[in-house]
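Visitor: I would like to learn how to read the strands and the chain contacts in a model of this kind. Could you take me through them step by step?

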Number of protein chains: 2
Amino acid sequence: MNKLRSSLSMSLDGYVAGPNQSVDDPLGIGGEQLHQWLFPLEAFRESHGAADGEVNASTPVAEAILGGTGATVMGRNMFGGGPGGWGEEPWQGWWGEDPPFHHPVFVLTRHAREPLELQGGTTFHFVTDGIESALEKARAAARGKDVSLGGGANVVQQYLAAGLLDELTISLVPIFLGGGTRLFENLGDPVPELDQVEAIDAPGVTHVRFVKTRKATPIR
Amino acid sequence: MNKLRSSLSMSLDGYVAGPNQSVDDPLGIGGEQLHQWLFPLEAFRESHGAADGEVNASTPVAEAILGGTGATVMGRNMFGGGPGGWGEEPWQGWWGEDPPFHHPVFVLTRHAREPLELQGGTTFHFVTDGIESALEKARAAARGKDVSLGGGANVVQQYLAAGLLDELTISLVPIFLGGGTRLFENLGDPVPELDQVEAIDAPGVTHVRFVKTRKATPIR
(Lines give C-alpha, C1' and ligand atoms only; values in the text may rest on other atoms or scores of the structure.)
Protein backbone atom coordinates (compact mmCIF):
# COMPACT_ATOMS: atom_id res chain seq x y z
CA MET A 1 0.00 0.00 0.00
CA ASN A 2 1.19 3.53 -0.64
CA LYS A 3 2.81 5.00 2.45
CA LEU A 4 2.00 8.06 4.50
CA ARG A 5 5.15 10.04 5.05
CA SER A 6 6.05 13.31 6.66
CA SER A 7 9.15 15.47 6.69
CA LEU A 8 9.66 18.25 9.21
CA SER A 9 12.44 20.60 10.20
CA MET A 10 12.93 20.77 13.94
CA SER A 11 15.17 22.89 16.15
CA LEU A 12 17.55 21.20 18.55
CA ASP A 13 15.18 22.12 21.35
CA GLY A 14 12.29 20.37 19.60
CA TYR A 15 10.29 23.15 17.96
CA VAL A 16 8.85 23.18 14.44
CA ALA A 17 7.84 26.84 14.75
CA GLY A 18 9.12 29.65 16.95
CA PRO A 19 7.25 31.62 19.61
CA ASN A 20 4.48 34.14 18.85
CA GLN A 21 3.11 32.41 15.78
CA SER A 22 0.29 34.22 14.04
CA VAL A 23 -1.51 34.26 10.71
CA ASP A 24 0.98 36.93 9.62
CA ASP A 25 3.97 35.06 11.01
CA PRO A 26 3.14 31.35 10.73
CA LEU A 27 6.69 30.20 11.55
CA GLY A 28 6.97 32.38 14.67
CA ILE A 29 10.05 34.28 15.82
CA GLY A 30 13.18 32.75 14.34
CA GLY A 31 11.21 29.94 12.72
CA GLU A 32 12.42 30.74 9.21
CA GLN A 33 15.87 29.48 10.25
CA LEU A 34 14.42 25.98 10.30
CA HIS A 35 14.23 25.96 6.52
CA GLN A 36 17.51 27.65 5.60
CA TRP A 37 19.04 24.31 4.63
CA LEU A 38 16.43 23.93 1.89
CA PHE A 39 16.49 27.33 0.15
CA PRO A 40 19.96 27.27 -1.49
CA LEU A 41 19.38 23.86 -3.06
CA GLU A 42 18.97 23.45 -6.79
CA ALA A 43 16.10 21.04 -6.09
CA PHE A 44 14.24 23.81 -4.28
CA ARG A 45 15.19 26.71 -6.53
CA GLU A 46 14.20 24.88 -9.71
CA SER A 47 10.79 24.11 -8.26
CA HIS A 48 10.43 27.86 -7.70
CA GLY A 49 11.61 28.85 -11.18
CA ALA A 50 15.20 29.85 -10.36
CA ALA A 51 18.07 28.36 -12.34
CA ASP A 52 21.06 28.27 -10.01
CA GLY A 53 21.43 26.35 -6.81
CA GLU A 54 23.53 23.92 -4.82
CA VAL A 55 23.61 20.16 -4.79
CA ASN A 56 24.67 18.71 -1.45
CA ALA A 57 23.84 15.92 0.99
CA SER A 58 20.42 17.49 1.62
CA THR A 59 19.40 17.17 -2.03
CA PRO A 60 17.75 13.71 -1.80
CA VAL A 61 15.77 14.88 1.23
CA ALA A 62 14.60 18.00 -0.60
CA GLU A 63 13.65 15.95 -3.65
CA ALA A 64 11.60 13.59 -1.48
CA ILE A 65 9.80 16.56 0.07
CA LEU A 66 9.19 18.34 -3.22
CA GLY A 67 8.09 15.42 -5.33
CA GLY A 68 7.14 11.80 -5.62
CA THR A 69 3.91 11.95 -3.69
CA GLY A 70 0.45 11.76 -5.22
CA ALA A 71 -1.60 13.53 -2.58
CA THR A 72 -1.15 15.61 0.58
CA VAL A 73 -2.99 15.70 3.89
CA MET A 74 -2.73 18.86 6.00
CA GLY A 75 -4.39 20.67 8.86
CA ARG A 76 -6.59 23.70 8.48
CA ASN A 77 -3.93 26.09 9.75
CA MET A 78 -1.46 24.92 7.15
CA PHE A 79 -4.05 25.51 4.46
CA GLY A 80 -4.42 28.99 5.84
CA GLY A 81 -7.62 28.78 7.79
CA GLY A 82 -6.31 30.98 10.57
CA PRO A 83 -7.51 30.87 14.13
CA GLY A 84 -11.08 31.85 13.31
CA GLY A 85 -11.62 29.53 10.36
CA TRP A 86 -12.60 30.93 7.00
CA GLY A 87 -16.19 31.65 7.97
CA GLU A 88 -18.25 32.90 5.08
CA GLU A 89 -15.42 34.03 2.87
CA PRO A 90 -14.27 32.13 -0.21
CA TRP A 91 -10.79 32.11 1.29
CA GLN A 92 -8.23 30.37 -0.91
CA GLY A 93 -5.62 29.77 1.75
CA TRP A 94 -2.17 31.30 1.60
CA TRP A 95 -0.75 29.15 -1.18
CA GLY A 96 -1.68 31.57 -4.00
CA GLU A 97 -3.26 30.84 -7.38
CA ASP A 98 -0.78 28.11 -8.33
CA PRO A 99 0.10 26.14 -5.19
CA PRO A 100 3.26 23.99 -5.24
CA PHE A 101 1.46 20.68 -4.66
CA HIS A 102 0.23 19.85 -8.18
CA HIS A 103 -1.96 17.07 -6.79
CA PRO A 104 -5.05 16.66 -4.56
CA VAL A 105 -4.70 18.10 -1.06
CA PHE A 106 -6.98 16.99 1.78
CA VAL A 107 -7.49 19.61 4.47
CA LEU A 108 -8.67 18.47 7.90
CA THR A 109 -11.31 20.85 9.21
CA ARG A 110 -14.52 21.04 11.13
CA HIS A 111 -16.06 23.28 8.48
CA ALA A 112 -17.53 21.58 5.41
CA ARG A 113 -16.79 23.30 2.13
CA GLU A 114 -16.82 22.55 -1.61
CA PRO A 115 -13.51 21.53 -3.18
CA LEU A 116 -11.30 24.42 -4.31
CA GLU A 117 -9.63 23.83 -7.66
CA LEU A 118 -6.62 26.02 -8.34
CA GLN A 119 -4.01 26.15 -11.11
CA GLY A 120 -1.33 23.56 -11.76
CA GLY A 121 -3.29 20.50 -10.69
CA THR A 122 -3.85 21.41 -7.05
CA THR A 123 -7.36 20.89 -5.72
CA PHE A 124 -8.05 21.37 -2.02
CA HIS A 125 -10.63 18.96 -0.59
CA PHE A 126 -12.06 19.67 2.85
CA VAL A 127 -12.51 16.66 5.11
CA THR A 128 -14.70 16.91 8.18
CA ASP A 129 -14.88 13.29 9.30
CA GLY A 130 -11.44 12.77 10.81
CA ILE A 131 -7.87 11.75 10.13
CA GLU A 132 -8.56 8.18 9.01
CA SER A 133 -11.08 9.34 6.44
CA ALA A 134 -8.69 11.99 5.13
CA LEU A 135 -5.93 9.41 4.78
CA GLU A 136 -8.23 6.96 3.01
CA LYS A 137 -9.32 9.64 0.54
CA ALA A 138 -5.73 10.76 -0.03
CA ARG A 139 -4.53 7.19 -0.60
CA ALA A 140 -7.26 6.66 -3.17
CA ALA A 141 -6.43 9.95 -4.90
CA ALA A 142 -2.65 9.36 -4.95
CA ARG A 143 -2.80 6.81 -7.80
CA GLY A 144 -0.36 4.44 -6.19
CA LYS A 145 2.11 7.10 -5.09
CA ASP A 146 2.89 7.88 -1.46
CA VAL A 147 0.85 10.40 0.49
CA SER A 148 2.58 13.38 2.05
CA LEU A 149 1.54 14.54 5.49
CA GLY A 150 2.06 18.28 5.84
CA GLY A 151 1.59 20.11 9.14
CA GLY A 152 0.88 21.47 11.52
CA ALA A 153 2.50 19.74 14.42
CA ASN A 154 -0.84 18.76 15.94
CA VAL A 155 -1.89 16.93 12.77
CA VAL A 156 1.41 15.03 12.65
CA GLN A 157 0.96 14.17 16.34
CA GLN A 158 -2.50 12.76 15.68
CA TYR A 159 -1.33 10.51 12.84
CA LEU A 160 1.74 9.43 14.81
CA ALA A 161 -0.28 8.64 17.94
CA ALA A 162 -2.77 6.65 15.86
CA GLY A 163 0.02 4.56 14.33
CA LEU A 164 -0.89 5.74 10.84
CA LEU A 165 2.38 7.45 9.92
CA ASP A 166 4.63 5.04 8.00
CA GLU A 167 7.71 7.19 7.60
CA LEU A 168 9.02 10.32 9.25
CA THR A 169 12.05 12.42 8.36
CA ILE A 170 13.28 14.93 10.90
CA SER A 171 15.67 17.59 9.68
CA LEU A 172 17.39 18.56 12.90
CA VAL A 173 18.61 22.14 12.69
CA PRO A 174 21.34 23.29 15.13
CA ILE A 175 19.42 26.23 16.56
CA PHE A 176 17.49 26.88 19.73
CA LEU A 177 14.12 28.62 19.34
CA GLY A 178 13.50 28.76 23.08
CA GLY A 179 9.75 28.39 22.64
CA GLY A 180 7.04 27.85 20.05
CA THR A 181 5.33 24.73 18.78
CA ARG A 182 6.80 21.44 19.90
CA LEU A 183 6.58 18.55 17.51
CA PHE A 184 6.82 15.59 19.85
CA GLU A 185 4.17 15.87 22.50
CA ASN A 186 0.64 14.49 22.93
CA LEU A 187 1.82 11.22 21.44
CA GLY A 188 -0.54 8.97 23.38
CA ASP A 189 0.08 6.15 25.82
CA PRO A 190 1.74 3.88 24.93
CA VAL A 191 3.91 6.16 22.84
CA PRO A 192 4.51 5.27 19.17
CA GLU A 193 7.57 3.20 18.28
CA LEU A 194 9.89 4.10 15.44
CA ASP A 195 13.02 2.56 13.97
CA GLN A 196 15.86 4.69 12.72
CA VAL A 197 16.59 3.89 9.08
CA GLU A 198 19.19 6.44 8.08
CA ALA A 199 20.94 9.59 9.24
CA ILE A 200 22.44 12.07 6.80
CA ASP A 201 25.13 14.56 7.74
CA ALA A 202 24.43 17.62 5.58
CA PRO A 203 25.62 21.25 5.72
CA GLY A 204 23.98 22.87 8.73
CA VAL A 205 21.43 20.10 9.27
CA THR A 206 21.15 16.42 10.15
CA HIS A 207 18.36 14.46 8.48
CA VAL A 208 17.15 11.36 10.31
CA ARG A 209 14.65 9.05 8.70
CA PHE A 210 12.43 6.79 10.78
CA VAL A 211 9.84 4.15 9.96
CA LYS A 212 7.04 2.74 12.05
CA THR A 213 8.32 -0.26 13.99
CA ARG A 214 7.11 -3.51 12.47
CA LYS A 215 6.39 -6.08 15.08
CA ALA A 216 3.94 -8.80 15.93
CA THR A 217 1.96 -6.89 18.49
CA PRO A 218 -1.77 -6.19 18.27
CA ILE A 219 -2.67 -3.13 16.26
CA ARG A 220 -3.62 -0.35 18.62
CA MET B 1 43.09 25.94 26.09
CA ASN B 2 41.63 22.58 26.99
CA LYS B 3 37.98 22.35 26.04
CA LEU B 4 34.88 21.69 28.06
CA ARG B 5 32.84 19.02 26.35
CA SER B 6 29.69 17.13 27.10
CA SER B 7 28.01 14.10 25.58
CA LEU B 8 24.40 13.21 26.30
CA SER B 9 21.88 10.70 25.04
CA MET B 10 18.53 12.28 24.29
CA SER B 11 15.19 10.83 23.22
CA LEU B 12 13.55 12.07 20.06
CA ASP B 13 11.16 14.06 22.21
CA GLY B 14 14.04 15.80 23.96
CA TYR B 15 14.44 14.01 27.28
CA VAL B 16 17.67 12.88 28.92
CA ALA B 17 15.78 10.98 31.63
CA GLY B 18 12.28 9.54 31.77
CA PRO B 19 9.41 10.47 34.06
CA ASN B 20 9.34 9.69 37.80
CA GLN B 21 13.05 9.98 38.44
CA SER B 22 14.15 9.19 41.96
CA VAL B 23 17.29 8.34 43.88
CA ASP B 24 16.44 4.68 43.28
CA ASP B 25 15.63 5.22 39.61
CA PRO B 26 17.86 8.07 38.42
CA LEU B 27 17.05 7.57 34.73
CA GLY B 28 13.28 7.52 35.25
CA ILE B 29 10.79 5.26 33.49
CA GLY B 30 12.21 4.02 30.21
CA GLY B 31 15.35 6.11 30.62
CA GLU B 32 17.71 3.12 30.42
CA GLN B 33 16.78 2.83 26.73
CA LEU B 34 18.77 6.03 26.15
CA HIS B 35 22.02 4.17 26.74
CA GLN B 36 21.33 0.88 24.95
CA TRP B 37 23.52 1.95 22.05
CA LEU B 38 26.53 2.09 24.38
CA PHE B 39 26.31 -1.20 26.29
CA PRO B 40 27.07 -3.74 23.50
CA LEU B 41 30.21 -1.89 22.42
CA GLU B 42 33.64 -3.32 22.99
CA ALA B 43 34.79 0.14 24.09
CA PHE B 44 32.23 0.06 26.89
CA ARG B 45 32.52 -3.59 27.84
CA GLU B 46 36.31 -3.46 28.10
CA SER B 47 36.10 -0.49 30.42
CA HIS B 48 33.84 -2.64 32.61
CA GLY B 49 36.07 -5.73 32.53
CA ALA B 50 34.22 -7.78 29.90
CA ALA B 51 36.08 -9.17 26.92
CA ASP B 52 33.61 -9.39 24.08
CA GLY B 53 31.78 -6.57 22.40
CA GLU B 54 30.90 -4.89 19.14
CA VAL B 55 32.73 -2.30 17.13
CA ASN B 56 30.42 -0.09 15.09
CA ALA B 57 29.88 3.53 14.06
CA SER B 58 29.21 4.46 17.69
CA THR B 59 32.66 3.30 18.81
CA PRO B 60 34.48 6.65 18.39
CA VAL B 61 31.70 8.39 20.31
CA ALA B 62 31.92 5.85 23.13
CA GLU B 63 35.70 6.18 23.24
CA ALA B 64 35.40 9.95 23.50
CA ILE B 65 32.94 9.58 26.38
CA LEU B 66 34.96 6.94 28.19
CA GLY B 67 38.41 8.44 27.85
CA GLY B 68 40.63 11.27 26.81
CA THR B 69 39.51 13.77 29.40
CA GLY B 70 41.56 14.82 32.41
CA ALA B 71 38.81 15.96 34.76
CA THR B 72 35.03 15.93 35.09
CA VAL B 73 32.52 18.50 36.30
CA MET B 74 29.10 17.27 37.47
CA GLY B 75 26.10 18.30 39.50
CA ARG B 76 25.33 17.06 42.96
CA ASN B 77 22.58 14.74 41.80
CA MET B 78 24.90 12.99 39.40
CA PHE B 79 27.38 12.47 42.21
CA GLY B 80 24.55 10.94 44.17
CA GLY B 81 23.58 13.70 46.52
CA GLY B 82 19.90 12.96 46.21
CA PRO B 83 17.15 15.47 46.77
CA GLY B 84 18.02 16.06 50.41
CA GLY B 85 21.77 16.44 50.03
CA TRP B 86 24.17 14.23 51.93
CA GLY B 87 23.64 15.98 55.23
CA GLU B 88 25.94 14.68 57.93
CA GLU B 89 26.69 11.32 56.42
CA PRO B 90 30.01 10.47 54.82
CA TRP B 91 28.08 9.54 51.69
CA GLN B 92 30.30 8.36 48.85
CA GLY B 93 27.86 8.89 46.03
CA TRP B 94 26.57 6.04 43.90
CA TRP B 95 29.72 5.38 41.94
CA GLY B 96 31.08 2.71 44.29
CA GLU B 97 34.61 2.24 45.64
CA ASP B 98 36.31 2.43 42.23
CA PRO B 99 34.46 4.98 40.11
CA PRO B 100 34.99 4.89 36.35
CA PHE B 101 36.47 8.40 36.10
CA HIS B 102 40.11 7.76 37.13
CA HIS B 103 40.69 11.49 37.38
CA PRO B 104 39.58 14.46 39.53
CA VAL B 105 35.84 15.11 39.57
CA PHE B 106 34.41 18.48 40.60
CA VAL B 107 30.92 18.30 42.07
CA LEU B 108 28.80 21.46 42.09
CA THR B 109 27.02 21.77 45.39
CA ARG B 110 25.90 24.25 48.01
CA HIS B 111 27.33 22.08 50.78
CA ALA B 112 31.04 22.37 51.49
CA ARG B 113 32.81 19.11 52.12
CA GLU B 114 36.36 17.72 52.22
CA PRO B 115 37.58 15.97 49.06
CA LEU B 116 36.69 12.29 48.81
CA GLU B 117 39.51 10.15 47.48
CA LEU B 118 38.44 6.76 46.13
CA GLN B 119 40.23 3.96 44.30
CA GLY B 120 41.58 4.09 40.76
CA GLY B 121 42.54 7.75 40.72
CA THR B 122 39.11 9.28 41.25
CA THR B 123 38.89 12.07 43.79
CA PHE B 124 35.66 13.99 44.20
CA HIS B 125 36.13 17.68 44.99
CA PHE B 126 33.11 19.67 46.16
CA VAL B 127 32.79 23.16 44.73
CA THR B 128 30.47 25.66 46.36
CA ASP B 129 31.35 28.87 44.53
CA GLY B 130 29.70 28.32 41.16
CA ILE B 131 30.11 26.91 37.69
CA GLU B 132 32.96 29.16 36.57
CA SER B 133 35.02 28.28 39.59
CA ALA B 134 34.38 24.55 39.08
CA LEU B 135 35.43 24.80 35.44
CA GLU B 136 38.59 26.73 36.35
CA LYS B 137 39.56 24.12 38.94
CA ALA B 138 38.79 21.26 36.54
CA ARG B 139 40.83 22.86 33.75
CA ALA B 140 43.78 23.26 36.08
CA ALA B 141 43.47 19.65 37.26
CA ALA B 142 43.08 18.17 33.75
CA ARG B 143 46.81 18.53 32.90
CA GLY B 144 46.16 19.82 29.41
CA LYS B 145 43.45 17.32 28.58
CA ASP B 146 39.84 18.26 27.90
CA VAL B 147 37.32 18.53 30.71
CA SER B 148 34.19 16.40 30.59
CA LEU B 149 30.89 17.90 31.68
CA GLY B 150 28.63 15.22 33.14
CA GLY B 151 25.03 15.89 34.08
CA GLY B 152 22.48 16.50 35.12
CA ALA B 153 20.56 18.42 32.52
CA ASN B 154 20.40 21.54 34.68
CA VAL B 155 24.18 21.69 34.97
CA VAL B 156 24.61 21.32 31.21
CA GLN B 157 21.99 24.05 30.73
CA GLN B 158 23.91 26.40 33.00
CA TYR B 159 27.21 25.93 31.18
CA LEU B 160 25.50 26.18 27.80
CA ALA B 161 23.61 29.34 28.73
CA ALA B 162 26.83 30.90 30.06
CA GLY B 163 28.64 30.18 26.79
CA LEU B 164 31.19 27.99 28.58
CA LEU B 165 30.52 24.71 26.79
CA ASP B 166 32.91 24.28 23.86
CA GLU B 167 31.61 21.05 22.41
CA LEU B 168 28.41 19.07 22.73
CA THR B 169 27.57 15.64 21.35
CA ILE B 170 23.94 14.59 21.32
CA SER B 171 23.22 10.92 20.81
CA LEU B 172 19.68 11.06 19.48
CA VAL B 173 17.85 7.84 20.31
CA PRO B 174 14.70 6.96 18.32
CA ILE B 175 12.39 6.60 21.30
CA PHE B 176 9.73 8.74 22.91
CA LEU B 177 9.83 9.00 26.69
CA GLY B 178 6.71 11.15 26.86
CA GLY B 179 7.96 13.04 29.91
CA GLY B 180 10.92 13.42 32.22
CA THR B 181 13.88 15.78 32.21
CA ARG B 182 14.29 17.93 29.15
CA LEU B 183 17.79 18.82 28.11
CA PHE B 184 17.22 21.97 26.10
CA GLU B 185 15.32 24.47 28.18
CA ASN B 186 16.31 27.40 30.40
CA LEU B 187 18.98 28.33 27.89
CA GLY B 188 18.88 32.07 28.51
CA ASP B 189 18.09 34.98 26.24
CA PRO B 190 19.69 35.28 23.77
CA VAL B 191 19.92 31.53 23.34
CA PRO B 192 23.35 29.96 22.79
CA GLU B 193 24.57 29.42 19.23
CA LEU B 194 26.09 26.18 18.04
CA ASP B 195 27.52 24.93 14.78
CA GLN B 196 26.98 21.39 13.63
CA VAL B 197 30.34 19.70 13.01
CA GLU B 198 29.44 16.13 12.24
CA ALA B 199 26.56 13.66 12.25
CA ILE B 200 27.14 9.92 12.55
CA ASP B 201 24.59 7.33 11.45
CA ALA B 202 25.04 4.42 13.87
CA PRO B 203 22.90 1.38 14.75
CA GLY B 204 19.84 2.63 16.62
CA VAL B 205 21.24 6.10 17.27
CA THR B 206 22.37 9.26 15.52
CA HIS B 207 25.27 11.14 17.04
CA VAL B 208 25.48 14.85 16.25
CA ARG B 209 28.46 16.88 17.37
CA PHE B 210 28.23 20.64 17.84
CA VAL B 211 30.73 23.33 18.76
CA LYS B 212 30.16 26.77 20.17
CA THR B 213 29.77 29.24 17.29
CA ARG B 214 32.89 31.33 16.84
CA LYS B 215 32.05 34.85 15.83
CA ALA B 216 33.11 38.40 16.37
CA THR B 217 30.37 39.38 18.76
CA PRO B 218 30.89 40.67 22.28
CA ILE B 219 31.27 37.95 24.89
CA ARG B 220 28.08 37.76 26.87
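Guide: Let us begin with the terms: helices (H or I, at least four residues) and strands (E, at least two) are DSSP runs, numbered from the N terminus, and two strands pair if DSSP finds at least two bridges between them. This is a predicted model, in which local features need pLDDT of at least 70 and side-chain atom pairs count only at pLDDT 80 or more, while totals for chains, interfaces and linings use all residues. Residues are numbered from 1 along each chain as its sequence is written, and chains are lettered from A and ligands numbered from 1 in the order in which they are written.

Visitor: Which residue is the bridge partner of L116(B) in β6(B)?

Guide: That partner is F124(B); β5(B) (residues 116-117) and β6(B) run antiparallel and are joined by two bridges. Five residues lie between the strands of this hairpin, in which G120(B) takes a positive phi near 75 degrees.

Visitor: In what sense do β4(B) and β6(B) pair?

Guide: Strand β4(B) (residues 104-108) pairs with β6(B) in the parallel sense, over five bridges, and L108(B) stands opposite V127(B).

Visitor: How many residues of chain B are in contact with chain A?

Guide: Contact is judged by C-beta atoms, placed from the backbone, that lie within 7 Å; by this criterion 23 residues of chain B are in contact with 23 residues of chain A. The elements of chain B that give two or more residues to this side are β10 (194-202) and β11 (205-212), and the largest share, six residues, comes from β10(B).

Terms used
Contact = placed C-beta atoms within 7 Å.
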